[in-house]
Amino acid sequence: MRIIITAISIIYLSFSPATLANTGKEKQIALAFGEGPVPGVTESLLQQLDALQIKATFFPVGMQMEQFPEQTRAIINAGHQLGNHGYSHINLAELPLSSAKEEIKKTCKLLQSHGYQERPMIMPPFGNISVELSDLLEEQEFQLAKWDLEPRLHVDMSEPESIAGYVAENATDGSVVMLHPMYEHSEQIIEALPLISTQLHQQGFRFVTLAQIAESEKIENL
């Protein structure tokens, strides 16, 4: 029997009380975007992030990077963090270990071929990963992506105000907001970003990448 763990379970165990507590210092929050890239949507999203002066973390799918190299390079050239969301967006926990490894490896090579040289975080499709693959990735010093806020699970995504309101009401220091604008509710998510930015800045938050959140955790846990 293949043992499966979910990214969500890893996420909540990984956030320490020190990270989540409001210590009075400037609070950090990260925006993460899953799937894509998609022509049109990617450009609009990058334009909005640039206007808001936000660096985010993108988790593109390997085959989409192959299909849309221009949009992939645009994300990299804009200075955003990129992660690995597998090559074909298949449930890695249902694959033999060798096939799951190949999904990760192909996507890493694609990122490198487009000029992205950082070791990417891994966000398994559907949040599922086998214990065997998780252990292997840990041995090779890959980090699993972590997030705690996912508006689409809680609010009507057709309303930008609802998206922003959910994030603003539930954000804590070290939160990561997972959004999927590439296929559904693209316009509404992009419209929600200025609202999210304004409300969170008023609460004393600074936007950072997932890598910066993870680095803060390491420092606080020393």
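## Threonine 42 and its surroundings

Leaving aside its neighbours within four places in sequence, threonine 42 is in contact (heavy atoms within 4.5 Å) with Pro37, Gln71, Ile75 and Met182. Threonine 42 lies in helix H3, where helices (H or I, at least four residues) and strands (E, at least two) are DSSP runs numbered from the N terminus. With a relative accessibility of 1%, threonine 42 counts as buried; buried means under 20% relative accessible area, exposed over 50%, and partly exposed in between, with a 1.4 Å probe and protein chains only.

This is a predicted model, in which local features need pLDDT of at least 70 and side-chain atom pairs count only at pLDDT 80 or more, while totals for chains, interfaces and linings use all residues. Residues are numbered from 1 along each chain as its sequence is written, and side-chain values use heavy atoms, with hydrogens and water left out.

## Helix H3

H3 has 12 residues and reaches 17 Å from its first C-alpha to its last, close to the 16 Å expected at 1.5 Å a residue; the expected span is 1.5 Å times one less than the number of residues. Its buried residues are Val41, Thr42, Leu45, Leu46, Gln48, Leu49 and Leu52. Seen down the axis of H3, these buried residues fall within an arc of 165°, so they line one face of the helix, the arc being that of the directions from the helix axis to the C-beta atoms.

On the other side of H3, Gln47, Asp50 and Ala51 are exposed. The cover over the buried residues of H3 includes S2, strand S3 (57-59), H5 and H9. Glutamine 53, which follows H3, has a positive phi near 55°.

Apart from neighbours within four places in sequence, leucine 49 is in contact with Leu31, Phe33, Ile54, Ala56, Phe58, His80 and Leu193. Phenylalanine 33 and phenylalanine 58 are both buried.

## Backbone features

Most residues other than glycine have a negative phi, and most peptide bonds are trans. A cis peptide bond, with omega about 5°, joins glycine 36 and proline 37, and proline 37 lies in the loop between S2 and H3.

Phenylalanine 126 has a positive phi near 65° and is a residue other than glycine; it is found in the loop between H6 and strand S5 (128-130) and is exposed, with a relative accessible area of 55%. Glutamate 141, not a glycine, has a positive phi of about 65°; this residue lies in the loop between helix H7 (131-139) and H8 and, at 62% relative accessibility, counts as exposed.

## The chain as a whole

There are 10 helices and seven strands in the chain, and buried residues make up 54% of its 222 residues. Among contacts between residues at least 6 apart in sequence, 79% join residues at least 24 apart.
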